[in-house]
Amino acid sequence: MTDLQNLVALSLLPSWSWLHAAEHLRAGDTAGAALQRLLIEHWRDQPDKAATLQTRAVAAIRRAEEHGIAAVPWSDARYPAALTTIVDPPPVLWVRGVVDALSAHAVAIVGSRAGSPYALAVAERLAADLAARGVVIVSGLARGVDSAAHRGALTGGGATVAVLGSGVDVLYPPEHAPLAREIEKEGAVISELVPGTPPQQWFFPLRNRIISGLSRAVVVIEAGEKSGSLITARCALEQGRDVLAVPGNVLSGRNRGAHALLRDGAKIVESADDILEELQMCAPARPPGTGSAAPPVDPILACLTPGEPSDLDALAERSGLSPSRLLPRLFELELQGSVARVGGGRFVRVDSSCYGGNRNLGEG
């Protein structure tokens with residue numbers, strides 16, 4: 001099998017095995033070797049399983065090609081570096097739209113499927129304001145707050161990413177198909193599930209780790225005590241992302257989950273500025289009168305040798321920064337043109353000024 005077929009086959013194994021697959025891949029195993037090891041370890045008594053997986057993987061790839069769906073495997077340089085840092089990254093992402101949108105600065109906005117008019121208005125306003133400043137909005141295309149956030153990003157003239165709990169060609173809820181088509185123009189609709197996979201209840205909590213994994217922070221709007229948004233918030237904390245919450249009505253009971261997050265230390269969000277300030281995403285203007293003197297070398301760049309790729313663990317060891325703190329800086333350097341991503345979530349220094357450009361994050 002090809003590398004892509006092997007990675008698709010890994011994604012077809014039960015979700016509990018994806019952590020082990022990631023461990024093998026990070027250790028340097030090829031996708032084929034990782035698949036073989038897992039089959040020997042867990043399915044030794046099913047000698048036909050490899051052939052079955054191969055057949056299903058080939059069918060999935062063919063279906064994707066027929067429907068204009070891009071397969072972005074772990075080994076692809078376009079695979080978002082943010083996802084390579086979570087413990088169980090998807091072996092393959094299936095994408096409709098602009099693949100590059102997955103690697104821009106992103107903030108997730110999540111909340112109740114039965115959001116109040118207040119929650120929907122706040123979600124749309126925050127998303128529009130963030131998108132207008134070049135931040136990609138990530139959410140789950142669900143009814144309520146999720147869809148309001150996607151629509152807000154589009155209204156703000158920016159890009160948004162929808163993470164599905166089904167194949168990207170099996171949209172749920174179905175009434176959001178027109179919204180998905182709008183998202184694909186500048187952003188992306190993605191899933192770790194092979195094309196043709198129908199929605200299942202247990203897929204949705206699973207996809208929440210991707211929503212948080214793609215994002216610098218997760219903003220929770222109007223979440224009850226048992227809201228799925230709290231699963232996303234928990235994933236974010238485990239992944240080293242920031243968690244923020246919008247305060248709401250204390251009488252209705254709709255926002256007890258978000259208020260619990262605030263009591264536990266989540267930052268209060270009243271405007272997009274609160275989010276940007278927390279993430280230190282507002283770069284200060286260069287002081288007047290500084291002339292044309294060359295700026296000091298960035299300490300992260302100093303840890304990279306031009307032309308020699310380094311993975312996140314190696315960079316963390318050299319810089320003394322944790323991966324969760326290092327990754328946002330690498331994203332900034334990538335957007336400035338000083339760092340490029342190569343296969344397997346590695347980074348390489350390029351010969352370019354890191355003070356030159358201000359690329360629109362919504363552009364593909």
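This note walks through a predicted model in numbered points.

1. Ground rules. Residues are numbered from 1 along each chain as its sequence is written. The model is predicted, so local features need pLDDT of at least 70 and side-chain atom pairs count only at pLDDT 80 or more, while totals for chains, interfaces and linings use all residues, and side-chain values use heavy atoms, with hydrogens and water left out.

2. Overall make-up. The protein has 14 helices and 11 strands. Both are DSSP runs numbered from the N terminus: helices are H or I with at least four residues, strands E with at least two. Of the 364 residues, 52% are buried. Buried means under 20% relative accessible area, exposed over 50%, and partly exposed in between (1.4 Å probe, protein chains only).

3. Surface and contacts. Take the contacts between residues at least 6 apart in sequence: 71% of them join residues at least 24 apart. Contact means heavy atoms within 4.5 Å.

4. A helix pair. Helix α1 (residues 3-11) packs with helix α3 (residues 31-42) at about 35°, and their axes are 8 Å apart. Axes are lines fitted to C-alpha atoms, for helices over the stretch in contact; angles run from 0 to 180 degrees between N-to-C directions. The α1 and α3 crossing is left-handed. That term means the near helix is turned anticlockwise from the far one by less than a right angle. From α1, the contact uses Asp-3, Asn-6, Leu-7, Ala-9 and Leu-10; from α3, Ala-31, Gly-32, Ala-34, Leu-35 and Leu-38. Seven of these residues are nonpolar, two polar and one charged. Here Ala, Val, Leu, Ile, Met, Phe, Trp, Tyr, Cys and Pro count as nonpolar, Asp, Glu, Lys and Arg as charged, and the others, Gly among them, as polar.

5. Backbone points to check. The Tyr-172 to Pro-173 peptide bond is cis, with omega near -5°. Pro-173 sits in the loop between β5 (160-163) and α8 (177-186). Leu-141 is not a glycine, yet has a positive phi of about 60°. Its loop runs between β4 (136-139) and α7 (145-155). Leu-141 counts as buried because its relative accessibility is 0%.

6. Salt bridges. There are 10 in the structure. Each is a side-chain nitrogen of Lys or Arg within 4 Å of a carboxyl oxygen of Asp or Glu. Side chains of opposite charge can pair when their charged atoms come close.

7. A buried pair. Arg-209 and Asp-88 form a salt bridge, with the closest N and O atoms 3.2 Å apart. Arg-209 lies in helix α9 (residues 203-213) and Asp-88 in the loop between α5 (81-84) and β2 (92-97), so the pair ties together parts 121 residues apart in sequence. Both Arg-209 and Asp-88 are buried.

8. Two partly exposed pairs. Arg-96 meets Glu-184 in a salt bridge at 3.8 Å, N to O. Arg-96 is in strand β2 and Glu-184 in helix α8, so parts 88 residues apart in sequence are tied together. Arg-96 is partly exposed at 23%, and Glu-184 is partly exposed at 22%. Arg-133 pairs with Asp-273, the closest N and O atoms being 2.5 Å apart. Arg-133 lies in the loop between α6 (117-132) and β4, and Asp-273 in helix α12 (residues 272-278), 140 residues apart. Arg-133 is partly exposed at 45%; Asp-273 is partly exposed at 41%.
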